[in-house]
Amino acid sequence: MRLNPRMLLVHPVHEVLRQLPLVIGSLVFGSATGNPWWVVLALVLTVTIGVLRWFTTGYRIAPDEIQLRSGLLQRKVLSLPRNRIRSVSTDARLLHRLLGLTVLRVGTGQEAAGNNEFALDAVAAEQVPRLRSVLLADSLNAPEQDSKPGRVLARWHPDWLRYSPLSLTGLAMVLATVGVAYQVGAAGALRDSRLAQSGLDLAQRYGAAATAASAAIVVLAASVSLSVLRSLVSYGNLLLRRDAELLHLEHGLLRVRENTFDMRRLRGGTLREALLVRAFGGARLDAVMTGVNGVGESSLLLPPCPVATAQTVLADLIGHPDAASGPLRGHGPAATRRRWARALLIPATLAPVGVVVGAPLWAWAVWAGMTVGCALLAFDRSRSLGHRVSGGWLVARSGSLERRRDCISGAGIIGWTVRQSWPQRRAGLATLIAATAAGIKRYQVIDVPAELAWSIAADASPWVAHNRWAQD
Amino acid sequence: MLILIQLVWIAVDPRGMWLHAAAAGMTVLGIVAFVVIAPLWRYRVHRWEISLTSGPPAVYTRTGWITQERRIVPISRVQTVDTYRGPLDRLFGLANVTVTTASSAGAVRIEALDSDVADRVVAQLTHIGAIGAQDAT
């Protein structure tokens, strides 16, 4: 079966966008050699490849498997048994939406990436509910059967934009643009242009420091606005909805993404609070699910949003409010000492080096600043450390720059490891690691007192309690 | 290889003998640590057990020397049991058994078992593991 014919319009455009560096490169090349036909050639080639993709892609839904045939030069057939289908997610970019199309991705609960992903690019948007019920008919009770719409857990609010400049994405985007400009050769042209000349004149008039400061402010403003824009475009209209056994997440202004998670695969959640985001009272929520990559966008449930929202949603998902936001047990003075020792290690090693080398006064000022920073880091880290086991859920919190609170279901924990490095042995501490098949696969409870380690494991997983090895 | 690098270095740049002596000393220390001390220490630390009597059947190992780890995995979650014999292992009649689970952090390795003990362990694990019909995730 062929994909929607309207893709004949979409594929060329997307192909050109994908090959944009090549097209720009041919533009530069063409202007350098004075031959305009290079650009035309590049464009024609890209458009042809885009169109050919439509002709060479086909899919088939058979009674026991689904197949996707694709590839221009190398023919590839990807087939998936229908009883392995676990999720169907959709994704519609701007051009797709204008033409009423959606990209349909079928997930098997195994992390597939790149070429091994079963993606139908694209089908008509009206066909999506039908396809979804057909594909999921074998695995779940078909979701369209329950006509009650389920419960909305969280909805996007413009407030959430408050947290977006607090990450580094804006700065990264600015740096990336600069990098691309250099690659394409535009930087050379810019350097000789009049803008640069006027900039140099300004610098001479107002002094280097003022110019540098204003340049920094410009870069900061640009990166802030870029982050806010990006957050708005990616997460605007976010809706997290829970039907009986399904978790439905859709978000995006221009590119609308829709993801359905099977709640039976949920093994917990992680609240992640980066330092700046935490200072403004925000947090993000990741799902700990089998078959979903633990890091990155695929397990994201809520982007940085008010911490109360994230905690409420987590409590709703795992059915245990105490685990999401309740108090935690500290790890004692030995753990606190260890956090301080680790944080102050770098300043402590730099100090004798500075004395031996005879560093100037400004270097010592920098060192003092760094020491204060490390002390604050140690204080925050030792405050964050904590754990709790209640109702079959293991909660572990640690970290300062990127603080995380992992709530893991005891039923999802496959094995336990108690790890002691030599300094930990001397301090009477241990790190307890719970191995799961979900999320990032290993969840650490850092620096618990060694005699408590196995009892924590026994509380979370009853089978450990009966085992005599867990008592040594 | 480290010794080779150091010899080449001495040949190329023979000034500063004290630096070379220091490097040579550290290499010797390193060799002593890894060839003499580490194996003895590891041997005293390493343990393994398949516990059948108390509670659900589980595999337990204790490994490491400077950093020590104790790992316990119930046999109901075991997915595969592998045996590996490298050329040195075959020379000494040894085998390494790896028990994997659905979690990449939950793999249990029992190293350097006698070959027949390894075979017995594998048979025992697969026999117990075959009873039970869960998904093991």
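Two strands are taken as paired if DSSP finds at least two bridges between them. The model described here is predicted. On that basis, seven strands of chain A form an open sheet. Their order is β6-β5-β4-β10-β9-β8-β7, and the pairing is antiparallel. The edges are held by β6 (118-124) and β7 (151-155) of chain A. Each has a single partner strand, so one side of each is left without a neighbour in the sheet. From one strand to the next, the twist averages 20 degrees.

Strand β8 of chain A covers residues 239-242. Four bridges join β7(A) to β8(A), and the two run antiparallel. Across this pairing, A:R151 stands opposite A:R242 in β8(A).

Helix α17 of chain A spans residues 450-460. Its buried residues are A:A453, A:W454, A:I456, A:A457 and A:A460. Seen down the axis of α17(A), these buried residues fall within an arc of 155 degrees, so they line one face of the helix. They pack against both strands and a helix of chain A. The strands are β14 (386-390), β15 (393-398), β17 (413-420), β18 (429-436) and β19 (442-449). The helix is α18 (462-465).

Chain B was examined by domain. The domain assignment gives domain 1 (2-43) and domain 2 (46-130) of chain B. The C-alpha centres of these two domains of chain B lie 35 Å apart.

Conventions: Residues numbered from 1 in each chain as written. Chains lettered and ligands numbered in written order. Predicted model: local features only at pLDDT ≥ 70, side-chain atom pairs only at ≥ 80, totals over all residues. Domains from an automatic or database assignment. Axes fitted to C-alpha atoms, helices over the stretch in contact; angles between N-to-C directions. Buried ≥ 20, exposed ≤ 12 C-beta atoms within 10 Å, placed from the backbone. Arc of directions from axis to C-beta. Contact = placed C-beta atoms within 7 Å.
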